[in-house]
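Keep the 3D view open as you read.

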Amino acid sequence: MQGLILYYLIINGMAFLFMGLDKQHARQGKWRYRESSLLGCAVCGGAFGAWIGMYLFHHKTKKRKFTFLLPCFILFHCFLFFVLSKAVS
């Protein structure tokens, strides 16, 4: 169970960081993360971190796939976490 919590903490931290870096790079005209990479990190468990980063950094907030998919991924991972935590205990 501790490993699962650690995984979610790390992946959400990474997703949050990627959203912030992508926004910073967008402002500076530098290379950017692909949208598929940002969403991929979110679907792998980092949706909550990406969602917080999206609104904190005002990044991708007008992209419909982000505003729709991130909450869906959050709900999915809450359900998955609940199921896995019940299976372990």
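What covers the buried residues of α1 includes α2 and α3 (64–88). Keep in mind that this is a predicted model. Which residues of α1 are buried? They are Y8, I11, N12, A15, M19, G20, D22, K23 and H25.

Now check the length of helix α1, residues 2–28. It has 27 residues, and at 1.5 Å a residue they should span 39 Å. The end C-alpha atoms are 39 Å apart, so the helix agrees with that expectation. Just after α1 comes G29, with a positive phi of about 70 degrees.

Next, look at the aromatic rings. A pair of aromatic rings is described by the distance of the centres and the angle of the planes. The whole structure holds 7 aromatic pairs. One of them joins W31 and Y33, edge-to-face, with centres 5.1 Å apart and 75 degrees between the planes. W31 is exposed, because its relative accessible area of 52% is over 50%.

Another edge-to-face pair is W51 and Y55, at 5.9 Å centre to centre and 75 degrees between the planes. These two residues are 4 apart in helix α2, so about one helical turn separates them. W51 is partly exposed at 33%, and Y55 is partly exposed at 42% relative accessibility. Elsewhere, Y7, Y8 and F81 make one aromatic cluster.

Finish on the surface. F48, W51, I52, Y55 and L56 form a nonpolar patch there, with about 480 Å² of accessible area together. L56 belongs to helix α2, residues 35–56. L56 is exposed, with a relative accessible area of 54%.

Terms used: Residues are numbered from 1 along each chain as its sequence is written. This is a predicted model: local features need pLDDT of at least 70, side-chain atom pairs count only at pLDDT 80 or more; totals for chains, interfaces and linings use all residues. Side-chain values use heavy atoms; hydrogens and water are left out. Patches are made of residues with over 30% relative accessible area and no salt bridge: like charges are joined within 9 Å, nonpolar side chains (Val, Leu, Ile, Met, Phe, Trp, Tyr) within 5 Å. Accessible areas come from the Shrake-Rupley method with a 1.4 Å probe; for residues, only the protein chains shown count as cover. A salt bridge is a side-chain nitrogen of Lys or Arg within 4 Å of a carboxyl oxygen of Asp or Glu. Buried means under 20% relative accessible area, exposed over 50%, partly exposed in between (1.4 Å probe, protein chains only). The expected span of a helix is 1.5 Å times one less than its number of residues. Contact means heavy atoms within 4.5 Å. Rings of Phe, Tyr and Trp (its six-membered ring) pair if their centres lie within 6.5 Å; planes under 30 degrees apart count as stacked, over 60 as edge-to-face and the rest as tilted.
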